Amino acid sequence: MSSLSAQQYQFVRDLVRKRSGIVLDEGKNYLIEFRLSELARASGQDSAHALLSAAESTPSSPVTDRIVHAMATHETSFFRDQTPFDALNEVILPMLRRSRREDKRIRIWSAACSTGQEPFSIAMTILEKFNDLASWDISILATDISELVIERARRGRFSSLEVGRGLPSMYLQKYFVKDGNDWALHPEVTELVTFRSLNLLNLPVRGEPFDLIFLRNVLIYFSPETKRNVLQAIRPRLRPDGFLFLGAPEMTLAAGEAFETVPEVKTACFRLKE
């Protein structure tokens, strides 16, 4: 039997949707209680009920940030789903290399990057593709709403379990060094990536456009209205000949007036319509 009231479940759903855009319907009540119970134990609270009582009494306190973090899905792995990285290596990077051969400058954004496996996978792909990297100006901005996962990502350290998920052994040997119980990335990888906390619901009005944006497996957690708003906010941040990667379940979301698929690749990759 649940220890939470209907009002407390609604408080969590409203809080998470307002702060992050993530929609938690009533079918996720079991998940809400499980994650709140885990958070309560980690925070020294007696129960999820006690945790929420504290959050409701002080809505702007750090505990509400931890609740939003706990409700977000931070599932990730190196070279997740593989196909987008094959497309990046075989099609997209060669296209960008040709189109940017004059200024030799490429800007990449990995949105909702969680603990950093995606942007670091992009960085390793670039290192393999650009043997003349020293003559190029390439940077990767990696963002996530959670400062907690961003802090972890900045360290560039991963457990044996994490490097065992999706990371080819060649990359492990070439770009990591064993450090105690963890594996630490070489500076040549980490120096390509800048981490920053960022809420997709509150993107800056202005900013330098990107040549490549990874926004994978994020929109599926939003309401239809929020999905449209985020894609609309992404449009001016993509260069006219740039590329947008979405997750496979999000293939149909960008289809419309603003974006068109990239026929050269067999994955959810889009560019702006001319």
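Predicted model: local features only at pLDDT ≥ 70, side-chain atom pairs only at ≥ 80, totals over all residues.
Residues are numbered from 1 along each chain as its sequence is written. Local features need pLDDT of at least 70 and side-chain atom pairs count only at pLDDT 80 or more, while totals for chains, interfaces and linings use all residues; side-chain values use heavy atoms, with hydrogens and water left out.

Helices (H or I, at least four residues) and strands (E, at least two) are DSSP runs, numbered from the N terminus.

Among the buried residues of α5 are Pro84, Phe85, Leu88, Val91 and Leu96. Buried means under 20% relative accessible area, exposed over 50%, and partly exposed in between (1.4 Å probe, protein chains only). The buried residues of α5 pack against β1 (105–110), α6 (117–129), β7 (210–215), β8 (238–246) and β10 (269–272).

Strand β10 holds leucine 272, which counts as buried because its relative accessibility is 16%. Leaving aside neighbours within four places in sequence, leucine 272 is in contact (heavy atoms within 4.5 Å) with Arg235, Leu238, Arg239, Pro240, Ala258, Phe259 and Glu260. The C-alpha atoms of leucine 272 and leucine 238 are separated by 7.9 Å, though the two are 34 residues apart along the chain.

Most residues other than glycine have a negative phi. Glutamine 82, in the loop between α4 (62–71) and α5, has a positive phi of about 50 degrees. Alanine 112, in the loop between β1 and α6, has a positive phi of about 55 degrees. Glutamine 82 is partly exposed because its relative accessibility is 32%; for alanine 112, also partly exposed, the value is 31%.

Alanine 112 also belongs to the lining of the largest pocket, where Thr73, Ala112, Asp144, Asn217 and Val218 lie nearest the centre among 25 lining residues. On a 1 Å grid over the protein atoms alone, a pocket is an open set of points where a 1.4 Å probe fits, with protein on both sides within 12 Å along at least five of seven lines, and lining residues have an atom within 4 Å of a point.
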